[in-house]
Amino acid sequence: MASTRFLDPSSIPLKRQSGGNIWATLVPIIQGAIVIGLLTVVGLFFLPVIQTENDYKAKLAELQRKTAAAEDQQAQLKLETEHMKNDPAYVEHIARDRLNMGRPGETIIHFDSYQSVPATVKTVSPTPENDSSAN
């Protein structure tokens, strides 16, 4: 007879009744808060590691950019070296432009590179004193 009472579904409470039992409400809330707190502590523990990894990734990207720029410069220098070895016209062009050299009997005229005019340009107008002294 005791076994039939044990298996009787009507004796199992399916729903908690609210009757002032605050612990039945607080236990799941406290368990959730503990889980969130533990996850926060674990996250804070790994935060410096994540920041260090991000710093390393940024440094790696910067080094890869510098490496690509150096490789481009190296390719340009190799190309220029090949031109210098194999192309006499290129050597003559470099000698004329960069070294200001010329053939015997040539006159070299050198022009400075164009420089922009400053943004503030002052115009000079004649003053009345200068006009009267000129007469």
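**Ground rules.** I am working from a predicted model, in which local features need pLDDT of at least 70 and side-chain atom pairs count only at pLDDT 80 or more, while totals for chains, interfaces and linings use all residues. Residues are numbered from 1 along each chain as its sequence is written, and side-chain values use heavy atoms, with hydrogens and water left out.

**Helix H2.** I looked up H2, residues 22-86, and found 65 residues reaching 93 Å from first C-alpha to last, close to the 96 Å expected at 1.5 Å a residue (the expected span being 1.5 Å times one less than the number of residues). Helices here are DSSP runs of H or I with at least four residues, numbered from the N terminus. I noted a bend of about 35 degrees at Phe46, with Pro48 following within four residues; the bend is the angle between axes fitted to the seven residues ending there and the seven starting there.

**Aromatic pair.** My search of the whole structure gave 1 aromatic pair. Phe45 is exposed at 60% relative accessible area, whereas Phe46, at 41%, is partly exposed (buried is under 20%, exposed over 50%, partly exposed in between, with a 1.4 Å probe and protein chains only).

**Helix H3.** Which residues of H3 (residues 88-97) are buried? I listed Tyr90, Ile94 and Ala95. Seen down the axis, the buried residues of H3 fall within an arc of 135 degrees, so they line one face of the helix; the arc is taken from the directions from the helix axis to the C-beta atoms.

**Salt bridges.** I counted 6 salt bridges, each a side-chain nitrogen of Lys or Arg within 4 Å of a carboxyl oxygen of Asp or Glu. Within H2, Lys57 and Glu53 lie 4 residues apart, about one turn, and their closest N and O atoms are 3.5 Å apart. For Arg65 and Glu62 the closest N and O atoms are 2.4 Å apart.

Glu80 pairs with Arg98 at 3.1 Å between the closest N and O atoms. This pair links distant parts of the chain, with Glu80 in H2 and Arg98 in the loop between H3 and H4 (128-134), 18 residues apart. Glu80 is buried at 18% relative accessibility, while Arg98 is exposed at 55%. Finally, I recorded a network of salt bridges linking Glu92, Arg96, Arg103 and Glu106.

Definitions and conventions. Rings of Phe, Tyr and Trp (its six-membered ring) pair if their centres lie within 6.5 Å; planes under 30 degrees apart count as stacked, over 60 as edge-to-face and the rest as tilted. Helices (H or I, at least four residues) and strands (E, at least two) are DSSP runs, numbered from the N terminus.
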